[in-house]
Amino acid sequence: MTPQPRSPRPARYGRYAGGPDPLAPPIDLGAALDEIADDVMSGYSPDQALRELLRRGSRGAQGLDDLAGRVQQRRRDLLGRHRLDGTLQEVRALLDSAVLAERGQLARDVAMDDTDRTFREMVIQNLPGSTAAAVSELATYDWASDEARQTYDQIKDLLGREVLEQRFAGMKQALEGATEEDRRAVAEMLSDLGDLLEKHARGEDTAGDFEDFMAKHGDQFPENPRDVDELIDTLAKRSAAARRMLSSMTPEQREELMQLSQQAFGSPQLMEQLARVDAGLRALRPGEDWTGSEQFEGEEGLGLGDGTGALQELADLDRLAEQIDQASSGSPLSDLDLEALGRHLGDDAAVSARTLAELERALRDSDYLHRGSDGDLRLSPRAMRRLGRSLLKDAAGRLSGRSGSRDTRQAGAAGEQTGSSRAWAFGDTEPWDVTRSLTNAILRTAREGGDPRRGLRLDVADVEIAETEARTQAAVALLVDTSFSMAAEGRWLPMKRTALALHQLLSTRFRGDRLELVQFGRYAQRVDLAELTALPPFREQGTNLHHGLMLATRFFRQHPTMQPVLLVVTDGEPTAHLEPGGESWFDYPPAPQTLRLTVAELDRAARLGAETTFFRLGDDPGLARFLDAMARRARGRVVAPDLDDLGAAVVGEYVQARSPWDL
């Protein structure tokens, strides 16, 4: 039986509904790691550096600081644009319209009894200045004008809808033009809701009670809560915002509104039912802000419903500000309410927050960062290698055009393959590069019309050899100044980047060499790369080059078969030396004893044959004279690079120092 072809599956297209963007480029962990590393080498811990990255933002995504600023700006806009007497203004306008229509009717109605007309005019003329009092006084007034009566009735209808809108979003529109039956349905809902809340407070309600309530009144709750707790959460937030709105009004506005509310739908019982519901919600959710207030200073009036919505939005913004602040302090970004962020600040804000959250998760899940036994976040060895490659590449780029180590065709026991190959020449003794030689033979045979599958005949022209370099091993001591001036003058980060680049070069290109990192301030000490990278800026005075040279000389003696290379990075004259008892002695300007001991220790290194280079940072004339004299004494060199070129200068000097004995 011939199988029938499958019908294509139907495809549905629609607007992107949020979540991770499937078309977004992958997270660039390398770029993020470079930013973190710069902060780490500037003195931040990896945890702090990660926080700083998230605060600044990455990959074009706004950082937490930007999002926090937008939250506060939205808050200021709400408070600066609006005021809370919108309902009072609207009621006053309707009242003035009704009174004007009544006066017109009294003037036109010639059949009216003069005494009756005079009485009505007196009532209209002597209405209280208070809007609430005027509305209350006219509650029993027999309107002569149908238009005026209808307008006055709109006041009661407006108040009823606004009061309900305060507690139930969407009620104002839903009850526009409401009938008595609609109002009875609202009253019944409020009564049933009050019963449900009281039953829940006693712990006597069941899931069936909630389901029965929603089956009967669910169309009045567009939020579609899934259980009674979700219903209470939604209503409590709205009710608390309504309470804060009243607290944000002036005492006069609040008094006017409370009096007017008694006229809602012409039924004082409505306020009693709402008060019962409010009391139940406050008892069940005491943690909501029921007593706060805000200072609105704008010109655009808000009604009760819109004002409550504004207070609810302000509460949401405050929660977002708190979440962002907690994320900046170390909480995971996954705790951010992305839906609320998009609702109040726009989709771009939600996308930025989601990107930052993905970046944070990717960094924590990667092997670039790991937690030590003490729980602190640290750069992993892989991260250090990656940073070293990046810094070495940058140094190599700056070195372009300078002379490097010379090529050699000499092979031997110390020969190291460079990874390159070349055509064999008469007299070459290097090993063949078999893969390249066979590839050349295959390509030549094919060009000549032969079939390589039938066999190959190797020609001399096909042979390539693997290039090697014979190298002498070096013991490299890199001494870096960590005195106060290095941090104060912005030389801390370039110093660390230099050490990392040199370490990467020795670890990959000159693996037989040994590197000793020595930092010297008031004292000197050996440090490994991870310690130096995480070293915070020191605030102590003292440049103990004497102690640093002692450690370098000890290192050279521990590797007697290696060529010693001494590289010193400093920005100040020696101002400290090590006393016989192990204490550091400091004086400024440099004391003669400090200078004598430093020179003597340099002489010891020179007698061991150390190739010496001093890297002078800054333009201090005293330092320039001192280092020039030291370089002449040790037959070394002084290099005065710009800070940006420090790494390239150190790497270049190291390569140049070992090139004569590479041959």
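The buried residues of helix 5 are Arg117, Arg120, Val123 and Ile124. Viewed along the axis of helix 5, these buried residues fall within an arc of 125°, so they line one face of the helix. That buried set packs against helix 4 (86-108). On the other side of helix 5, the exposed residues are Asp114, Thr115, Phe119 and Gln125. This is a predicted model.

The length of helix 5 can be checked too. Helix 5 covers residues 114-125, twelve residues in all. At 1.5 Å a residue it should span 16 Å, and because its end C-alpha atoms are 16 Å apart, the two values agree. The N-terminal end of helix 5 is capped by aspartate 113. A side-chain oxygen of aspartate 113 lies 3.0 Å from the backbone nitrogen of threonine 115.

Next comes the nonpolar interior. In soluble globular proteins, nonpolar side chains tend to be buried together. Here the largest nonpolar core has 92 residues. Within this core, Leu138, Leu164, Phe168, Leu190 and Leu193 touch the most other members. Helix 11 (residues 228-248) supplies the largest share of the core, nine residues. Leucine 193 shows what such packing involves. Setting aside residues up to four places away in sequence, leucine 193 touches Phe168, Phe213, Leu231, Leu235 and Val277. There is also a second, separate core of 32 residues. Among its members are Ala474, Met486, Val565 and Ala649.

Threonine 308 is another interior position. Its place is in helix 14 (residues 304-328). Buried means under 20% relative accessible area. Threonine 308 has 0% relative accessibility, so this residue counts as buried. Which residues touch threonine 308, leaving aside its neighbours within four places in sequence? The contacts are Gln166, Arg238, Ala241, Ala242 and Met245.

Now turn to the strands. Strand 8 runs over residues 514-520. Five of its seven residues are buried, so strand 8 is largely enclosed by the rest of the structure. Strand 7 (residues 474-481) pairs with strand 8 in the parallel sense, over seven bridges. In this pairing, leucine 479 stands opposite valine 518 of strand 8. Strand 8 also pairs with strand 9 (residues 524-527), over four bridges and in the antiparallel sense. There, glutamine 519 stands opposite glutamine 525 in strand 9. Strands 8 and 9 form a hairpin, with three residues between them.

The loops hold some backbone details. The peptide bond from tyrosine 588 to proline 589 is cis, with omega near 0°. Proline 589 is found in the loop between strand 12 (584-586) and helix 23 (592-607).

Two residues have a positive phi without being glycine. Asparagine 224 has a phi of about 50°. Its loop joins helix 10 (207-217) and helix 11. Is asparagine 224 buried or exposed? Exposed means over 50% relative accessible area. Asparagine 224 has a relative accessible area of 54%, so it is exposed. Arginine 635 has a phi near 55°. This arginine lies in the loop between helix 24 (621-634) and strand 14 (637-639). Arginine 635 also counts as exposed, because its relative accessibility is 79%.

Key:
Residues numbered from 1 in each chain as written. Predicted model: local features only at pLDDT ≥ 70, side-chain atom pairs only at ≥ 80, totals over all residues. Heavy atoms only, no water. Buried < 20%, exposed > 50% of the residue type's maximum accessible area, 1.4 Å probe, protein only. Contact = heavy atoms within 4.5 Å. Expected span 1.5 Å × (residues − 1). Arc of directions from axis to C-beta. Polar contact = N/O pair within 3.5 Å; in protein donor to acceptor, adjacent residues only side chain to side chain. Core = buried A, V, L, I, M, F, W, Y, C linked by side-chain atoms within 4.5 Å. Pairing = 2+ DSSP bridges.
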